[in-house]
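Please open the structure in your viewer and keep the selection tool at hand. The stops below are meant to be taken in order.

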Amino acid sequence: MPRRLTTILSAATLAGALVLTGCGEEKAATPSSSLSAVQVTGAAEKEPTVKVDAPVKITRTESKVLSEGTGAAIAKDDLVTLQAVLVNGNDGKVATSTWKTGTVGLDLGAKDLFASFKSQIPGKKVGSRIVIASTPADAYGDTGNQSLGIAKDDPVVFVLDLVGASKVLKEAQGSAVPPKAGLPTVTMNAGKPATITVPKGAKAPTKTVVQPLVAGTGPKVAKGQTVRVSYTGALWRNGEVFDSSASHPDQPYFEFPIGQGQVIKGWDTGLVGQPVGSRVLLVIPPADGYGAQGSGDKIKGTDTLVFVVDILAAY
């Protein structure tokens, strides 16, 4: 089974994934008002220069569109791709910037996402550059973020370029594709693990098989994206289901950065190039799965794995 990961879109991991810069000494000055204390300069699609007349006093979280995009309005449960500059509102220092490492994704529906993002990003158009002046409570909360030099009472200024947004499918959508003869068959069961039936007497393939069962119509999954899927995994030797996203009711999906070694090789390579909305059958020999060591009590080092995977989103 793929290793289940905490979503990389949470507030804590968003900060941890970015390049960190040092923080200077705290300034002693009269606090400025929120948005009027922020100056942003720089060309579109380039890292902006953000200056804050610190310390800035933020009593309520608010935002402003600096340049409006031409894309669709973002919904409250969209998956959003963005670039971000974070500034400590207390000392005016840039705490971190995604422009050094590339875009990041936010799940606006995630429970642990900043309240400032949840309240201020929905309704903005894709392609926009916005500034959010956030209260401490709506950003890093009572704990602050030591790695970024942000104390629990520090307000935060975010300058965000909203690069893209995508909807999340509940299941595969597209045209059915007849599987090749000799491969396992799949029966989907709403809210439960899929039933995977392995042909009796058939020999397991020695190389990974990637067989679309439903051809989606969305954009193709690209290496480096974050992919959201639902899945069921079974053993070739007896058809026993060893894991399924449906067995995790607290989070009945799985997200991972594809092509980054966060999952088994058969997943990392087999889903790249498949359109969002697809349902894909993966038959994965040990070499592209868990190898000779196997995994846990159920997966032996000789086990070939069979997965059915619905690609719900990629961003």
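This is a predicted model: local features need pLDDT of at least 70, side-chain atom pairs count only at pLDDT 80 or more; totals for chains, interfaces and linings use all residues.

Residues are numbered from 1 along each chain as its sequence is written, and side-chain values use heavy atoms, with hydrogens and water left out.

**The whole chain**

Start with a cartoon view: the protein chain has three helices and 18 strands, both taken as DSSP runs (helices H or I, at least four residues; strands E, at least two) and numbered from the N terminus. Of its 315 residues, 49% count as buried, meaning under 20% relative accessible area with a 1.4 Å probe, protein chains only. Among contacts (heavy atoms within 4.5 Å) with a separation of 6 or more, 76% join residues 24 or more positions apart.

**Largest core**

Next, select L82, F117, I121, Y140, F158, L160 and L162. In the largest nonpolar core, which has 25 residues, these touch the most other members. Such a core is a set of buried Ala, Val, Leu, Ile, Met, Phe, Trp, Tyr and Cys residues joined through side-chain atoms within 4.5 Å. Strands β5 (79–88), β7 (104–107), β8 (129–134) and β9 (156–166) each supply at least two residues of this core.

Which residues does I121 contact, leaving aside neighbours within four places in sequence? They are I74, L82, L106, L108, I130, I132, L160 and L162.

**Second core and rings**

A second, separate core of 24 residues includes V229, F242, F254 and I264. Now show the rings of Y231, F242, F254, F256, W267 and F307, which ring pairs link into a cluster. Rings of Phe, Tyr and Trp (its six-membered ring) pair if their centres lie within 6.5 Å; planes over 60 degrees apart count as edge-to-face.

Zoom in on F307, which is buried at 0% relative accessibility. F307 belongs to strand β18 (residues 305–314) and F242 to strand β15 (residues 241–244), so their pair ties together parts 65 residues apart in sequence. The F242 and F307 ring centres are 5.7 Å apart with planes at 85°, so this pair is edge-to-face. F242 is also buried, at 9%.

W267 lies in helix α3 (residues 265–270), 40 residues from F307.

How values were computed: Buried means under 20% relative accessible area, exposed over 50%, partly exposed in between (1.4 Å probe, protein chains only). Rings of Phe, Tyr and Trp (its six-membered ring) pair if their centres lie within 6.5 Å; planes under 30 degrees apart count as stacked, over 60 as edge-to-face and the rest as tilted.
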